[in-house]
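Below are some notes on the structure, as numbered points. Please read them beside the sequence and the coordinates.

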Amino acid sequence: AAPMSAMAITLAERRGDFSQATEVAKQLSEQRPGELSSWLLVAQTQLAASREPGISAEQKQTAMDQGWAALERANQVSQGKDLRVWDARFKYQLAAGGPKKAEEELALLEQSTLPDAAKLLAASRGYLQLNQLDKARDRVEKAIALRPNSSESQMVLSEVFSRIGDRTGSLAALRKAQSLDPANSQLREQLALQLAFGETAGDAPSLAEIDKLLSTSDQSSSIRSHLLRAMIDLSQGDEARKQKSIQTLTDLSTTNNPEALDAKRLLANHYGKQWQTETTEHKTQAAAKSLAQIQSLYSQLLNSAEPNALDAARYTDWLLKASEQERTAGRDPAAEQLLSEATQTLAKLESLTSSSLASLQLRTRLTLASNAPEQLQTVVGEWVAAAGSPGSPEELRAMELAGRTLAEMDLKKQALVWFEKIYATDPDKYQILVIGLVQADQIDRAV
């Protein structure tokens, strides 16, 4: 029953039905009050529910409180000896109380009765998430001293080195991790990506070594390996390897495998770059073929059973850039055709996700690209209005995001309109207006 309940929760969350997910989790905890996984599922669903777009601050707090209560029960059931509970508590504290509360949770973890190596590794992950790199490195090196054959610890050390800019150290730790766990497909794939795209020494990557890492007899990881190899070859390989990768991705894109969607995304990205090169070099017929490929691939992605908002955002972004390129080259009819398609794709995005920051950024760019600057504030106003009721915290947050987005696009005077609205609604937020005035070069008003 537990695995089936977990599956039902996952499916409900993917549909965005958080109330259904929460109800299933609560029923499971009532049926199995002594089972740790039941309470962890309740906490997981409540945290997901607290992030649901459009909920009130009160609803969010209720979800967070109920999730924390579930974690307290989980801690009682495990007697404080299960690392999963500590990991969940850290995530909750970070989401609810910010870095300070999360760090307090890590201090409690380090005082717990968990085995030293386990809690040091967990603490290092936590400090890494808080970007406290000295503490993360200290804990993980102590964990390695206690358990030198732990590939997990080497992976964390690799990430620490990467964050501090030591690419050589990061690669060495990742190689060590892979040597300790050679059957781990995730490690092989991560090392292959590091070799292909990591900034180690300026030498070209060893494609033979990458091929060896991505060679596997495991069917499930084999498909992922094909995808990774194709991505690497399209970026780093010679023409023969590129053509082979295109064929591999094309074949995979026509299957019923879940990875078929990723194959289509990689192909769309490849043809998008190819189109830009071909149009720059005035290869009209070749560019037309590449454009047809892009349109076909994104049409398949966006008309699938479960269209992805990120695909809609990526395609809209590409269409806007491509339209600008055509406009710069003096091909106005082609630019207008691409803008028309961008309008339709953005509408698809907005039907998939309401009041997303991506939709605001893209809608702003589309308005400007359509030579309709007088409509900009109306467009932004509609986005803000959809975020929350007048005067609500959600509306104020949306106003701030709108202002910052416009300022980042060098539309500082337009941004100032929204900072002034925030100040008019809540004078305590004068700092936001002051920053906006400085950005708009209105220093006297700012002072």
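At what angle do α16 and α18 pack, and how far apart are their axes?

1. The model is a predicted one. In it, α16 and α18 pack at about 25°, and their axes are 11 Å apart. The cut-off for roughly parallel is an angle under 35 degrees, and α16 and α18 are therefore roughly parallel to each other. The crossing of α16 with α18 is left-handed.

2. On the α16 side of this contact are A313, T316, D317, L320, K321 and R327, which meet L362, R365, L366 and A369 of α18. By class, the residues in the contact of α16 with α18 are five nonpolar, one polar and four charged.

3. Helix α18 (residues 357-369) also packs against helix α20 (residues 393-408), here at an angle of about 45° and with the axes 11 Å apart. That angle makes α18 oblique to α20. The handedness of the α18 and α20 crossing is right-handed.

4. The residues of α18 that meet α20 are L357, L360, Q361 and T364; their partners in α20 are L401, A402, T405 and L406. The contact of α18 with α20 consists of five nonpolar and three polar residues, with no charged ones.

5. Which residues have the most contacts inside the largest nonpolar core? They are L249, W275, I294, Y315 and W318, in a core of 34 residues. At least two residues of this core come from each of α12 (219-236), α13 (239-253), α14 (260-280), α15 (284-302), α16 (309-328), α17 (332-352) and α18.

6. I294 is worth checking by eye. With neighbours within four places in sequence left aside, I294 is in contact with A268, Y271, G272, W275, Y315 and W318.

7. A43 belongs to helix α3 (residues 36-50). Its relative accessible area is 2%, so A43 is buried. The chain brings A43 and L71 together across 28 residues of sequence, with 6.2 Å between their C-alpha atoms. Not counting residues up to four places away in sequence, A43 touches G67, A70, L71 and Y92.

8. Apart from residues up to four places away in sequence, Q154 touches I144, A173, K176, A177 and L180.

9. Q79 has a positive phi, near 55°, and is found in the loop between α4 (57-78) and α5 (83-110). Relative accessibility for Q79 is 62%, so Q79 counts as exposed.

10. N371 is not a glycine either, and its phi is positive at about 55°. N371 is placed in the loop between α18 and α19 (376-387). With a relative accessible area of 60%, N371 is exposed, since the cut-off for that class is over 50%.

Technical notes. Residues are numbered from 1 along each chain as its sequence is written. This is a predicted model: local features need pLDDT of at least 70, side-chain atom pairs count only at pLDDT 80 or more; totals for chains, interfaces and linings use all residues. Side-chain values use heavy atoms; hydrogens and water are left out. Axes are lines fitted to C-alpha atoms, for helices over the stretch in contact, and angles run from 0 to 180 degrees between N-to-C directions. Helices (H or I, at least four residues) and strands (E, at least two) are DSSP runs, numbered from the N terminus. Angles under 35 degrees count as roughly parallel, over 145 as roughly antiparallel, 65 to 115 as roughly perpendicular and the rest as oblique. A crossing is left-handed if the near helix is turned anticlockwise from the far one by less than a right angle, and right-handed if clockwise. Contact means heavy atoms within 4.5 Å. Ala, Val, Leu, Ile, Met, Phe, Trp, Tyr, Cys and Pro count as nonpolar, Asp, Glu, Lys and Arg as charged, and the others, Gly among them, as polar. A nonpolar core is a set of buried Ala, Val, Leu, Ile, Met, Phe, Trp, Tyr and Cys residues joined through side-chain atoms within 4.5 Å. Buried means under 20% relative accessible area, exposed over 50%, partly exposed in between (1.4 Å probe, protein chains only).
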